[in-house]
2 protein chains.
Amino acid sequence: MGEKYTATAPPAEGVLETAIYVDDLDAAAVFYGEVLGFEQVIASEGLFVFFRCGDTIILIFNPEETKKQPFAPPARQIPGHGTIGAGHICFRATGEKFDFWRARLVAHNIGIEAEITWDNGARSVYFRDPAGNSLEFAEPRLWGYGEGDTAA
Amino acid sequence: MGEKYTATAPPAEGVLETAIYVDDLDAAAVFYGEVLGFEQVIASEGLFVFFRCGDTIILIFNPEETKKQPFAPPARQIPGHGTIGAGHICFRATGEKFDFWRARLVAHNIGIEAEITWDNGARSVYFRDPAGNSLEFAEPRLWGYGEGDTAA
């Protein structure tokens, strides 16, 4: 193997974007924007709606369009992707904020599908978006992270 | 609407976990662990392999198992999920680190499917994992973030 193969990689910086797929973008826009309170960044009718969640952008796509390659004229260089079935994203929620989000789900009549307190004491609450994707709020200490954005 | 509906949500803290699905966990373990150099956190034969990527855990699942509900006896409270088709995750890579990752992909003979320089000058490079998921390295300024983990 050449030198390039053995060069030590820099530490992974993190996730800039992650994608999920829905059958109803309007319902997703209401759910992520109004129930979860995320800031909408940009939307394209029938194609996508993107939200900011801390340091990561949540890309919500209509997979019937994005799986075409290219999937839209203005974005024609972008490789196609798209899934069917329930994806999963877990959002950070620390301490009192975890309690806030759990209460907000209940107040919005969002069904709580499961609640787990893990062996290390971290709490998780599971629910679904309108498309059936499995969403979760969990305390970052589940994976050894502190409240901030830095690994503990 | 009651008070709970109008309570201001705290700012979204970020994404703690995001999931993708593969048809070959062993191939994924090599790709994400050795090519991308992510730290493996935990694995369960035939079920999942998880990696740490900065402040986020990348959950890589066998969807044939995780879409069962419950999907594994030790995790029987966890709601089922699982997709087919190509998902998408974009990893942060800033400045010289972007150059490093692009070179590393080439050195490992990973096909570069597309390269884009966006209107704001941020660069993206697209490739695929062995399961066909669409992966990307992009400079965080694409979405107005600085090099660190804090929104600009």
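This is a guided tour of a predicted two-chain model, given as a series of selections.

Residues are numbered from 1 along each chain as its sequence is written, and chains are lettered from A and ligands numbered from 1 in the order in which they are written. Because the model is predicted, local features need pLDDT of at least 70 and side-chain atom pairs count only at pLDDT 80 or more, while totals for chains, interfaces and linings use all residues.

**The sheet.** Begin by selecting the eight strands of an open sheet, ordered β7(A)-β8(A)-β9(A)-β6(A)-β1(B)-β4(B)-β3(B)-β2(B), with mixed pairing. Strands (E, at least two residues) and helices (H or I, at least four) are DSSP runs, numbered from the N terminus; two strands pair if DSSP finds at least two bridges between them. At the edges stand β7 (114–117) of chain A and β2 (39–44) of chain B, each with a single partner strand, so one side of each has no neighbour in the sheet. From one strand to the next, the twist averages 20°; axes are lines fitted to C-alpha atoms, for helices over the stretch in contact, and angles run from 0 to 180 degrees between N-to-C directions.

**Where the chains join.** Next, select β6 (residues 88–92) of chain A and β1 (residues 15–21) of chain B, which run antiparallel and are joined by three bridges. Here A:Ile89 has B:Thr18 as its bridge partner. Then select β1(A) and β6 (residues 88–92) of chain B: three bridges join these antiparallel strands as well, and A:Thr18 is partnered by B:Ile89.

**A residue in β9(A).** Now select A:Leu135, in strand β9 (residues 134–138) of chain A. A:Leu135 is buried, because 24 other C-beta atoms lie within 10 Å (buried means 20 or more, exposed 12 or fewer, partly exposed in between, with C-beta atoms placed from the backbone). Beyond its neighbours within four places in sequence, A:Leu135 contacts A:Ile89, A:Phe127, A:Arg128 and A:Asp129; contact requires C-beta atoms, placed from the backbone, within 7 Å.

**Helix α2 of chain B.** Move to α2 (residues 25–35) of chain B, where B:Leu25, B:Ala28, B:Phe31, B:Tyr32 and B:Val35 are buried. They cover an arc of only 150° around the axis, which puts them on the same side of α2(B); the arc is that of the directions from the helix axis to the C-beta atoms. These buried residues pack against β3 (48–53) and β4 (56–61) of chain B. Finally, select B:Gly37, which follows α2(B) and has a positive phi, near 75°.

Technical notes. Two residues are in contact if their C-beta atoms, placed from the backbone, lie within 7 Å.
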